[in-house]
Every structure is written in C-alpha cells, then in structure tokens.
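My entries follow the order in which I looked things up.

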Amino acid sequence: MAQHDQHEAIRTAAIIALEAAPARVPMKVCYLAMPYRDPRGAWYVEQNIRAAEEIALHLWREGYAVICPHKNGAHFEGALPDECLLAGDLAILEKCDVLVLGPGWRESAGARQEYEHALSKGIPTRNPFVI
C-alpha cells in the first residue's frame with residue numbers, strides 16, 4: 001500500500017469513528033472569583049492560591065473548564081500594575097459562560113469587580129458556597 005493510500009485509509013477510519021461517536025456536550029467555561037491578595041503577606045496570598053486551586057479542581061471534576069486567575073497571575077505582584085491584571089481578568093471573564101463566586105468573594109475588591117462586570121455583561125453567576 002502506498003504511503004498516500006495508507007494516510008487516506010487512516011483519515012477515513014478516523015472520520016467514520018468520529019461520526020459514530022456520540023455527540024459531546026460542550027464544556028461550560030467558568031471563571032472563579034475569590035480573594036487573592038492579603039494584607040498580612042505572601043504566606044496568606046499563597047493560602048488563597050491553594051484554596052482557589054482546590055475549588056478549581058472540584059469544578060473541573062463537575063465538568064467545567066475552569067479559568068482560575070489565581071494561577072494565571074500568581075506572584076506577579078509588583079511586576080505589573082494591579083489595574084493591568086484586573087483588566088486582563090475582566091477580558092477573560094467576558095469569554096466565559098458563568099462566573100463562580102468562591103468563598104470570601106464579598107471581602108475581595110477584585111472579586112466584587114468581577115461580579116459587577118459579569119452582571120453588566122449578562123454573564124450568569126453561581127455561588128455554590130452560600131451557607
């Protein structure tokens with residue numbers, strides 16, 4: 001069998017397999033908003049990052065594709081202005097299907113801005129951590 005024919009056979013088999021596969025439900029993309037900064041210092045910021053990681057993992061297991069800004073800009077303090085990071089986060093949020101409000105979000109100025117931005121853009125919010 002010529003190499004071209006072999007590639008064509010593989011391509012045809014892949015197309016047949018894809019057509020036979022059940023349709024997948026597209027994943028919803030969620031943005032996680034919760035505290036990042038802490039005036040007590042770097043150790044506490046790291047604890048906020050770890051808390052966000054834990055919640056992000058839980059959301060991934062629920063079937064979401066998760067945007068966790070805590071991981072995207074971790075430890076960028078001083079390297080970029082806070083306004084630059086927040087503007088980027090808001091641009092990313094606009095591409096998401098839902099904003100998930102993590103524990104302590106009301107105490108975070110950034111998370112509150114993300115919440116207000118989501119409301120202004122019609123992005124649904126989910127607050128599974130209300131007790």
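**Entry 1: Glu-114.** I began with Glu-114, which I located in helix H5; helices are DSSP runs of H or I with at least four residues, strands are runs of E with at least two, and both are numbered from the N terminus. I noted that the model is predicted, that local features need pLDDT of at least 70 and side-chain atom pairs 80 or more, and that totals for chains, interfaces and linings use all residues. Residues are numbered from 1 along each chain as its sequence is written, and side-chain values use heavy atoms, with hydrogens and water left out.

I found Glu-114 buried and without a salt bridge. Buried means under 20% relative accessible area, exposed over 50%, and partly exposed in between, with a 1.4 Å probe and protein chains only. A salt bridge requires a side-chain nitrogen of Lys or Arg within 4 Å of a carboxyl oxygen of Asp or Glu. The nearest side chain of opposite charge to Glu-114 is Arg-37, 7.9 Å away; Lys and Arg count as positive, Asp and Glu as negative, and His and the chain ends are not counted. I did find a polar contact of 2.6 Å between the side chains of Glu-114 and Tyr-31. Such a contact is a pair of N or O atoms within 3.5 Å; within protein, one must be able to donate a hydrogen and the other to accept it, and residues adjacent in sequence count only if both atoms are side-chain atoms.

**Entry 2: the largest pocket.** I then looked up the largest pocket and recorded about 480 Å³ of space. On a 1 Å grid over the protein atoms alone, a pocket is an open set of points where a 1.4 Å probe fits, with protein on both sides within 12 Å along at least five of seven lines; lining residues have an atom within 4 Å of a point. Of its 28 lining residues, those closest to the centre are Tyr-36, Arg-37, Asp-89, Gly-110 and Glu-114. Helices H3 (69-72), H4 (82-93) and H5 (109-121) each give two or more residues to the lining, and H4 supplies the largest share, eight residues.

**Entry 3: salt bridges.** How many salt bridges does the structure hold? I counted five. In one of them, the side chains of Arg-37 and Asp-82 meet at 3.2 Å, N to O. Arg-37 lies in the loop between strand S1 (29-33) and helix H2 (42-62) and Asp-82 in helix H4, so the pair ties together parts 45 residues apart in sequence. Arg-37 is partly exposed at 47%, and Asp-82 is partly exposed at 38%.

I also recorded Lys-71 with Glu-53, their closest N and O atoms 2.6 Å apart. Lys-71 lies in helix H3 and Glu-53 in helix H2, so this pair links parts 18 residues apart in sequence. Arg-40 and Asp-38 form a further bridge at 2.8 Å; I found Arg-40 exposed at 57% and Asp-38 buried at 16%.

**Entry 4: loop positions.** I placed His-75 in the loop between H3 and H4. His-75 has a positive phi of about 65° although it is not a glycine, and is partly exposed at 45%. Gly-122 sits in the loop between H5 and strand S4 (125-126) and is exposed at 60%.

Conventions: Grid points are joined across faces, edges and corners, and a volume is the space filled by probe spheres set on the points.
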